[in-house]
Amino acid sequence: MMKKLTAYQYLLKDKLSGDKNRELIALLKDIKLAARLVSKELRNAGLNKILGEYKKLTNIHGEKVTKLDIVANNLFINSLENGGNCAGVVSEELEKIVIFNNEVSKNSKYLVLMDPLDGSSNIDVNVPVGTIFSIFKKSSIKKSTNIKDFIQKGNRQVAAGYIMYGSSTIYVLTVGKGVDAFTLDPVVQEFYLSHKNIKIPKSGRSYSVNQGNFYEFPIALQEYIRWCEQEDAKSGRPYSLRYVGSMVADIHRSILKGGLFIYSKSKRAASGKLRLMYECNPMAFIVEQAGGLAIDGDKRILDIAPKSIHQKSPIFIGSSEMVKLISKFIKSKQFD
Ligand code: P6P
């Protein structure tokens, strides 16, 4: 029987003990606070009439912005700034970096890159959405924070996590020592350890891709999808196609049940749609820490040398055997 430990107690005891981790553990508490506030907003959204698009705004990627995107972004920015454990933020909702100049934050060694509310187009139809975040250390706390501090390879992440606002609110986190999950108790508003040292199954029987783009995909991916659909008792095919259209929900299922999530390049999107720094990198760190793999079709996501804070990357992520197999398809067939 798992002891009823809060996220803070568990991290302090098992993963982030010692004075050197005090600031990081405090930063994770700031993120949890914002997650609780976003969860509350989402639970009441329908009643508070904050569903729907925000004054017909679009974000820097030209995507429609919902009111809750803005609400979530502001809640995270405020909690991170007031917590004083973070020197600056990159957000999917903001074109430019945010640097915190208050006396405490400006000496912090941590940086947060986030998608405050991923999958928000699903909110109006009550489909699970999520926050995805990545934490890096500044190269030097002596220098003032600038954009170069954020542009680091994913293999230098200190921590990464997502919060999925679904039937329950669950906070999945890695600090580089495996993956754990904490579920929000809505009465006491505390996250309790609910899944310890999560390991993703080596293989699974579901693949997750927007099949509607099939004829836009490279031939190699079309052939992989056709392979998944063929009947073969030995390999358990045909596999099931499971696609929520919310990255956090699709990857969370793949981590717990085994599976492969795909957002590929296509004729219309040469680099895919998902952002490297605050969607692909954090998810890749988490999945690798759980024993899975994550590639862009050519190399490990975490080894990609980023050029800009909002750049996109294709991603094939999930059970190790499934990622290895699709990598073989890509190497042996046409993938341009
Ligand atoms: P498509 C949601 O808009 C999102 O950013 C991810 O959460 C999701 O995986 C993807 O886009 C869905 O994109 O093109 O299949 O609708």
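Colleague: How far is the ligand oxygen from an N or O atom in the side chain of Lys273?

Modeller: 2.9 Å, between an oxygen atom of the ligand and a side-chain N or O atom of Lys273. Bear in mind that this is a predicted model.

Colleague: And how much of the ligand does the protein bury?

Modeller: The protein buries 81% of the 400 Å² that the ligand exposes when taken alone.

Colleague: What about Asp118, what's the distance there?

Modeller: 2.6 Å, from a side-chain N or O atom of Asp118 to an oxygen atom of the ligand.

Colleague: And where does Asn210 put its polar side-chain atom?

Modeller: That atom of Asn210 lies 3.0 Å from a ligand oxygen.

Colleague: Which residues are around the ligand?

Modeller: Asp118, Gly119 and Asn210, then Tyr243, Gly245, Ser246 and Met247. Phe261, Tyr263, Lys273 and Leu274 complete the list.

Colleague: How does that shell split by class?

Modeller: The shell has 5 nonpolar, 4 polar and 2 charged residues.

Colleague: Which pocket does the ligand sit in?

Modeller: The largest pocket.

Colleague: Switching topic. How many disulfides does the count come to?

Modeller: The count is 0 disulfides. Cys228 is in none, and its nearest cysteine sulfur belongs to Cys280, 20 Å away.

Colleague: Is Cys228 buried or exposed?

Modeller: Cys228 counts as buried because its relative accessibility is 0%.

Colleague: And Cys280, buried or exposed?

Modeller: Cys280 is buried, with a relative accessible area of 0%. The cut-off for buried is under 20%.

How values were computed. Residues are numbered from 1 along each chain as its sequence is written. This is a predicted model: local features need pLDDT of at least 70, side-chain atom pairs count only at pLDDT 80 or more; totals for chains, interfaces and linings use all residues. Side-chain values use heavy atoms; hydrogens and water are left out. A residue is near a molecule or strand if one of its heavy atoms lies within 4 Å of it. A polar contact is a pair of N or O atoms within 3.5 Å; within protein, one must be able to donate a hydrogen and the other to accept it, and residues adjacent in sequence count only if both atoms are side-chain atoms. Accessible areas come from the Shrake-Rupley method with a 1.4 Å probe; for residues, only the protein chains shown count as cover. On a 1 Å grid over the protein atoms alone, a cavity is a set of points where a 1.4 Å probe fits but cannot get out, and a pocket is an open set with protein on both sides within 12 Å along at least five of seven lines; lining residues have an atom within 4 Å of a point. A molecule sits in a cavity or pocket if more than half of its atoms lie within 2 Å of its grid points. Ala, Val, Leu, Ile, Met, Phe, Trp, Tyr, Cys and Pro count as nonpolar, Asp, Glu, Lys and Arg as charged, and the others, Gly among them, as polar. A disulfide is a pair of cysteine sulfur atoms within 2.5 Å. Buried means under 20% relative accessible area, exposed over 50%, partly exposed in between (1.4 Å probe, protein chains only).
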